[in-house]
Structures are given as C-alpha cells and as structure tokens.
Amino acid sequence: MDSLGTTRSDAEGRIDIDRANAVYMLVEHHDYSSKAVRLDTIAGDTIALRPATALKEIEVEPDMVKHFLTHDSYRLPARIMERYRSPYQALNEIPHISVFPNNAIYFRGKDNVKLLINGVESDYHEVAALPADDIDRINVYSTPPLRYATTGVDAVVEVVTKSNLRGGNAGVDIAQAFKPLKGNNSLHFNYNYRRSRFKVAYSNYNEHYRKMRRDENLAYDFGGQHYIKNKTGVDSRSDKDNNGLSLTFQNNLKDNYLVSLKAGFNSDKSTDDVEQVVHSATGHEYPANNQLQTASTSYWTSVFVEKTLGHKGSAGTIAGSAYYQRVNSDYDSRYMEWPGQGGAPATDVYAKYRTSLDAAIADIEYSLPIGSDCQFAATVYETYKYGDYTDNTKPFRQKSNELFASARIFLRHGKFSYNLSMCTSHNYSHTTLHSISQNKWHMLPRASIHYYPTDNMYMQLNYTTRVGMPALAELSETDQWVDTRLIYHGNAGLVPYHRHILSYNFGVNSKYLDLSFEAQYLHAPHTICEYFVAEDDHILQTLINLERYDELYGMLNTTLKPLGSYTWIIVSRLQGAKSRGRGLGTDWSGYRFQWHLMTNISLKRWNINASYQYPGKVNMGQRILPRAQHWDVSCWFNIAGNLWAGAQWTMPFGKRFRERQYTVPESLVHYDYTYTVADRANYVSLNVLWNVSFGKNQNRASQNIDLSNDDTGILHR
C-alpha cells in the first residue's frame, strides 16, 4: 500500500491516475463499501463498488457504565433493549432499579423517584413511548440534583436520547379492562423542525366499580353515654375519571440556550355512593347512605429558560422557571339514615364547598461545570398558594408561601466522596379562619459521606433535615360527616414541622444478586397526625401537630438473577419500622411491615411478569392500616417491530380486594373500617404498546427543572 496521496473524483465519478507511481488505490464513498484495488488488474477504466451494508448500531460493550462525581451513566445495548416491550421496562437492567408490573419504579427500594427525558421532567408513559434505538444512555442520580434534593426526591433517573436525530415520534400505551371498567391509557406525539420541538400528550385514567362495600364498627363515649354502631356494607358504586392534555414547545441552540413553553389541562372526577345497613345496640336494622362527590379542573402554564455561560458551558449554567396553576374544585358529602319505615331520612347531614386555588412557583439555579473531583450548585426556590373556600357556613381564605435558598458542594477524594449543603427556608401561612398566621425561618443542613470500595459496592452515611408545610387542604375546617356524631376536617392551626433523618446505606451488585440495605432513624417534632377530640355536640376527627415523633426504619431490597443476567429476575422489597408518637395527652407506639415480591422474564418476543403484595401492616398515628393482599400476572408478545400486545390478569382465582383501618386502644373513638371491592379481583386488562418513528429528535439541550403542584385544595378522609 504505497499510495503517496489522495484525490477526489469529479461530479461524474472520473479521476486521473498516474499508474506509473502507484500500485494500490483505496476507493471510498459514503453510500458504498470501501474497496482496495491493485491498479494493474483494472480492466478498462471503471471501478465498481458494492452498496454499503447498513448497520443498525455498533456496540462497544466493555464500558457499559461510567461513574461520575454526581451520577452513574449506563448504556444498554440494542440486543438487550429489544427484549423489553418498552425502554421503561428495560430500566430493570440497571442495578438497584426495579420496575413492577403496575409501572411503579423503585431505586434501592425507594419509590420517590423522578423521571426525566433529556433533563425534562416526565412520566413512565413518555419513557415507554420512546423508540429503544433512540436512547443513548441512562443517568442515575442516587443523590438527586440540588433542586430535587430540596423538595425531598430520593433519586433521579434521566433518559438521554441520541444526537443528530430528526423528525418525530408517536406512541400509544393502552391498559384497559372492560368489566370492571378500569384503565390507564396515554397518547404522545412529538415533531422536530430545525431547532424547535413540538409535543402533544394525552392521558386517561378510569376506575368504575359496582361491587364496592364498606363495613364499619364505631364505639365511643359521649355525653355520659356509650355509643356502639355496626354498619354492614351493601354493593355500591365508586367512579373515578381523570383526563389530562398538555402542549409543549421548545427551541434551543446546542451548548447555548434552551427555551421551553408548556400549557396543560386536567379534569378529575370522583363519586362514591355507599349503601349500608346499620345494626343498632337495641337490635334494630335500618339503611344508611354515605355519598361523596369531588371534582377538580386545573389549568397550568410554565416557562423555562436555560443559558450556558462561557464556551460550551465552561463558566457554568444558569436556569430559571416560572409556573402558574389555577384549580377549581367542588366537594359534596352527605350522610343519611332511615331508622323508620321509608319517608324522609331521620338523619340528613351534608357538607358542600367550592375552592379556587392559585399556585405560582418560580426558581433560579446556577451550577458550575462538573469537574472530576468537585462540583458546586446554588438555587433559590419560591412557591406561593392562595385558596378561596366558599361553603354554606363559614367561607374563608388561605395563603401560604415557601422560600428556599440552597447551596451544595460535591467533593471526591480517592474512593470517598462528600456531599455538603445548606438550605435556608422561610415558611409563611395565614387563614382568615380564626385569623391564624405562621411565620418561621429554618436552617436545613445536609451532609453525606459515600465510600466506594469497588465499582460494584457502595456505603453511605447521611444526615438530612427537611421542613414540611401543611397543605392548604389540611388547613381547611369544612365539616365532612362520617356518622351522626362523627365529623372530619382539617386544622387551621397546623404549623410547619421538621424531619431529622440519620441513615446508613449499603449496596452491592454481582452477576447473580443485587442487594441494597438501609437503616434509618427519624426524629420529627411537630409532625402532622390524625387525632380524635370531643366537641360540644360531636366527636371531631382532625389533624394535629404532635410534640414528638420517632421512628426506626429498615429496608432490604434484593434482585436475584438465577441465569446470571437480567433475563429472569426475582425482586423482593422488605420494609419494617417501629414508631412512637406523643402529644396532646396521647402516647402511642406502633409498627409497620410491608413486603412486595415481583418476578420478570424478558425474552426477545415475550415478556412475562408476576407480582405479589403481602397483607402487611402500617401505623399512621392513631390509625392502623393493614395493607391489602394483592397479586397479578401479565404476558406480552412482540407482534412486529415496536408493536407489543398482552394481557394482565389481576388476582386470578381471587374473590375480593380488601383494605382495613382501625384505631389504636388509646384513641377516643374505637373505629374499625373495612373496604372491600369484589370488582378488583379476577379481571383481565388488555394491553397495547406501540410507537412509530418518522425521523429522530435532534434536540439535545437539557431542561434541568420542571415545576409542578399537586395540591387541589380537597382533603380526602
């Protein structure tokens, strides 16, 4: 190969060659396979090339995970992604991430996980709708970015798409049962034009039951008398419907700026019409009816701007967001009893109110570039809420304000890394009901030490402080009738509360086993808890700030890989806690225990899932909540390309879904409540997942912050 130079052909493919000074020639063309030619063997004056072989993807597998100062970055090969019905389910391939058949996601056993696509806050529907071959890498932040750490998020999982992609993508995700009517469905469409991206997303959730029963046992002393009442549930209605639509426009210049505009609409309706038979202490039986109707409509819009400073962000990045939401809600509850023979009810009590809730949230964040051993970030976060309540007895107004200012530095030295942050918080709330105001400043330091003895093992020691603000719904004192002498409402006098958390984490992943363990001590003075108190003419179930709350918590999360890969996994999530609360003359202790089990088999054209929830027990203040026993199986088949179809069988051969709650012995009211839904057993959902790509998305700018608000102003018992 003694060529001494190169030359280009003309427009018709002709070149002049001096054969006397060359023996071989390498001919290359981007649409054809390259060819080395010995010049003295060419017949005539033509060299023919073969069409190029199209390669879907070139994989370099030895380095499928990279460890950065702030996160770990994973690449999943195409041959692995193809085994899963969606990229969302393929997250099971990442150590310590578990995706259950009901689409719940856990990281190291924790469920407060934020999903991002290219830095933009997303949900599992959108991740599932992505084409697998569009995904470049998946970043996992076990210590969330500062903005999310401030609001209590446990982990962030970011899906990053490949660059130089054009066109768009449309996806549909359907999971619908028809008897009972129960489904969770979504549609997504996005299109890219030059530096701009347009996106439309629609979601629908429906749940219609006709065999819902509520059994109740009540016992309490009031006015010198002992009251006992037992209620047997009768098959009743329960309907829930939620529809959402969002529009997004983005424009960006890579390594320079990003502007994102969003707007959305959401409608949520819920109706319960509970029929019961009352068994009185005198031996009489008579009908009762408990109705609850809630509806909320929300409109929201947001703007986000991000600007990189210096050459390709060498001087850092500054980003800012603003978000506004308007929620209009209606609440209507009614309780009736007919102890006589027909006619008008002897007991007919009701509560009705309307709420207009405005929420405005804004923040700004600055972060230096991530270095190999150091990274610094600072953020200011502000949220303001105003609620206007109109009811038939005492209309009132409420407002609250939260201000956070945080700074964090990440340092690494050898196998150790250190995360140090300080947050200053100002919390203000006011309600015209009783003219109650709260105005407090808080200092919230956080620190953690991470030790990585090997690439597949970690240890962490963490100290975290957080402050919690009562939601506007919890400050509402509009009556909600539970029984003839039992009323439930919030408490306008609730104050912010602290949470001090000291925890130790350990984890390891190997060929056959991934394991994570957490031990935690929680000290939470003034935490909010439900409480019963005697009023002049009724018993009130309300919310109070405890003087002290302490909890010891442990969790063991394991993923067993019998075949030495994630083709078949068995996930076990085990939690337990011992708690004690004191305040307003009450002193109680309790415990909770929960166990979830899941198995998943992922073959090239088949996905098989099964999950089980053990009927554990949860302590929530003066209430004990035994969890429901639940199990399901599902099977998916890859019909063609990105089209999957399947079915999910919920509680096969089961008869009912049952949940229960009852009060501790120290409670003023002895209350035992059982909620049974026969519709939720032995039904089948039909599933379809399909996405179509027409070109790819070339935008790579990342939106790091997306603001939202979930407070509707409605307090559900």
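Mentor: Fine. Keep in mind that this is a predicted model. The structure holds 18 aromatic pairs.

Trainee: Take Tyr 353 and Tyr 389: how are their rings arranged?

Mentor: The ring centres of Tyr 353 and Tyr 389 are 5.9 Å apart and the planes meet at 40 degrees; that lies between the 30 and 60 degree cut-offs, so the pair is tilted.

Trainee: Buried or exposed, Tyr 353 and Tyr 389?

Mentor: Tyr 353 is buried at 1% relative accessibility, and Tyr 389 is buried with a relative accessible area of 1%.

Trainee: Which residues are in the cluster with them?

Mentor: Ring pairs join Tyr 331, Tyr 353, Tyr 389 and Phe 396 into a cluster.

Trainee: And how do β18 and β19 pair?

Mentor: They are antiparallel, with 15 bridges. Ser 367 is opposite Ala 377 in β19. On another pairing, β18 (residues 347-367) runs antiparallel to β17 (residues 316-337), joined by 21 bridges. There, Val 327 stands opposite Leu 357 in β18.

Trainee: Back to rings. What sort of pair do Phe 593 and Tyr 614 form?

Mentor: Edge-to-face, with 5.9 Å from centre to centre and 80 degrees between the planes. Phe 593 belongs to strand β32 (residues 586-602), while Tyr 614 is in the loop between β33 (606-613) and β34 (617-620), 21 residues apart.

Trainee: How accessible are Phe 593 and Tyr 614?

Mentor: Phe 593 has a relative accessible area of 33%, so it counts as partly exposed. Tyr 614 is partly exposed too, at 36% relative accessibility.

Trainee: What does Gln 575 touch?

Mentor: Beyond its neighbours within four places in sequence, Gln 575 is in contact with Tyr 553, Gly 554, Met 555, Arg 592, Phe 593 and Gln 594. The side chains of Gln 575 and Tyr 553 also make a polar contact of 2.8 Å.

Trainee: Why does Gln 575 count as buried?

Mentor: Because its relative accessible area is 9%, and buried means under 20%. Gln 575 is in strand β31 (residues 568-583).

Trainee: Last topic, charges over rings. Which ring does Arg 108 lie over?

Mentor: Arg 108 lies over the face of Tyr 458, 3.7 Å from the ring centre. Another case is Arg 680, whose charged end sits over the ring of Phe 657 at 3.8 Å from its centre.

Conventions
Residues numbered from 1 in each chain as written. Predicted model: local features only at pLDDT ≥ 70, side-chain atom pairs only at ≥ 80, totals over all residues. Heavy atoms only, no water. Helix = DSSP H or I, 4+ residues; strand = E, 2+ residues; numbered from the N terminus. Buried < 20%, exposed > 50% of the residue type's maximum accessible area, 1.4 Å probe, protein only. Polar contact = N/O pair within 3.5 Å; in protein donor to acceptor, adjacent residues only side chain to side chain. Contact = heavy atoms within 4.5 Å. Pairing = 2+ DSSP bridges. Phe/Tyr/Trp six-rings, centres within 6.5 Å; stacked < 30°, edge-to-face > 60°. Lys NZ or Arg CZ within 6 Å of the ring centre and 35° of its normal.
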